[in-house]
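Hello,

Here is the structure I promised to pass on. Please open it, then read my notes below.

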Amino acid sequence: MRDHIGSQVLRIQRTAKAVARLDVFTSLAWVAEKNHYVRPKINKRGVIDIRGGRHPVVECMLPGNLFIANDTYLDNNANRVSIITGPNMAGKSTYMRQTALIVLMAQLGSFVPADSADIGIVDRIFTRVGASDDLASGQSTFMVEMNEVSNILRNATPDSLLILDEIGRGTSTFDGLAIAWAVIEHIADKRLLGAKTLFATHYHELTELEGTMDGVNNYCIAVKEKGDDIVFLRKIVKGGADKSYGIQVAKLAGVPEGVIARAKELVEELSQADISVRAKEIAEERRTKAKAKSKTKKYDEVDLEQISLFDTVKDDDVVRELTELDITNMTPMDAMNTLYRLQNKLKNRW
């Protein structure tokens with residue numbers, strides 16, 4: 001019997017493969033019919049246009065069709081990066097993950113949970129979501145986060161979809177904000193990356209980037225305030241939130257009233273030294289530089305090409321640092337980081 005079955009291995013394997021495919025297709029078809037999915041359109045223009053999108057798992061966990069659908073629009077031009085603000089528990093992560101899932105489902109050939117969907121092909125989907133550590137190998141939560149961010153920035157392309165949730169939250173406020181700000185600038189710049197990105201954050205200062213960088217837009221999750229309480233509306237709208245309602249969320253969680261009252265006092269005091277003022281100044285400086293740079297475009301390419309290599313002697317500190325580098329004792333990563341830093345220094349001067 002064993003020899004007889006062994007002689008039919010290839011036929012059995014082909015049958016098993018056909019049954020597996022049939023299982024996948026019928027399961028997708030059954031779910032699509034049951035949960036009212038639609039057939040997506042596929043485009044090569046790089047546009048992701050989802051109307052009434054839903055999370056395929058979360059919507060099934062909520063009774064009575066309580067899931068709130070949302071739209072998503074991303075492209076390779078004016079709508080590359082969406083900065084999403086709003087309180088915890090409001091639905092930012094759900095919204096971003098459903099977008100990634102809908103894109104993934106569309107590209108594998110499935111119907112999708114939406115009213116309509118026109119999905120541009122992406123080469124990869126990169127995500128940095130949630131908190132995790134790897135203490136066994138000596139990596140903290142923040143180190144794991146930075147490793148993932150590094151992998152994304154080095155391997156993503158303009159055809160990738162990036163889902164980034166709370167970059168920079170695991171360190172000090174100033175360091176975290178600076179990292180998140182720099183990451184957005186890198187992603188939004190077509191010369192560096194230019195990938196379609198959903199970027200959720202509690203750093204409201206990042207909303208200042210809209211208007212200073214091409215392709216960056218602000219969105220927030222709508223909430224309704226009732227005195228000291230809030231109601232999550234779960235709807236994403238244009239614009240940025242100006243606070244995170246963290247104390248209200250802590251109250252919902254049952255944190256003792258005395259702690260809540262003291263937190264309110266402290267937040268009033270700390271807000272007097274709000275770093276958002278400085279963030280606005282930095283954004284305004286960038287806006288001014290961008291305007292000045294656009295004016296210089298009146299010079300044609302011939303004029304720029306005639307600039308002598310030796311005209312850059314004013315950047316003697318960069319030249320000096322290059323000549324003093326000990327290349328033989330640098331790792332490839334150190335060399336790349338040094339080159340990137342010096343390149344940015346020169347760009348800022350020009």
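This is a predicted model: local features need pLDDT of at least 70, side-chain atom pairs count only at pLDDT 80 or more; totals for chains, interfaces and linings use all residues.

Residues are numbered from 1 along each chain as its sequence is written, and side-chain values use heavy atoms, leaving out hydrogens and water.

Salt bridges come first. The term means a side-chain nitrogen of Lys or Arg within 4 Å of a carboxyl oxygen of Asp or Glu. The whole structure has eight.

One of them joins Arg 128 and Glu 145, at 3.9 Å from N to O. Arg 128 sits in strand S6 and Glu 145 in helix H5, 17 residues apart. (Helices are DSSP runs of H or I, at least four residues; strands are runs of E, at least two; both are numbered from the N terminus.) Both residues are buried, meaning under 20% relative accessible area; exposed is over 50%, and partly exposed is in between (1.4 Å probe, protein chains only).

Lys 238 pairs with Glu 210, with the closest N and O atoms 2.8 Å apart. Lys 238 is in strand S10 and Glu 210 in the loop between S8 and S9, so the bridge ties together parts 28 residues apart in sequence. Glu 210 is partly exposed, at 30%.

Arg 262 and Glu 265 also form a salt bridge, at 3.0 Å. They lie three residues apart in helix H8, about one helical turn.

Now helix H6. It covers residues 173-188. Its buried residues include Trp 181 and His 186.

Best wishes

Notes
The expected span of a helix is 1.5 Å times one less than its number of residues.
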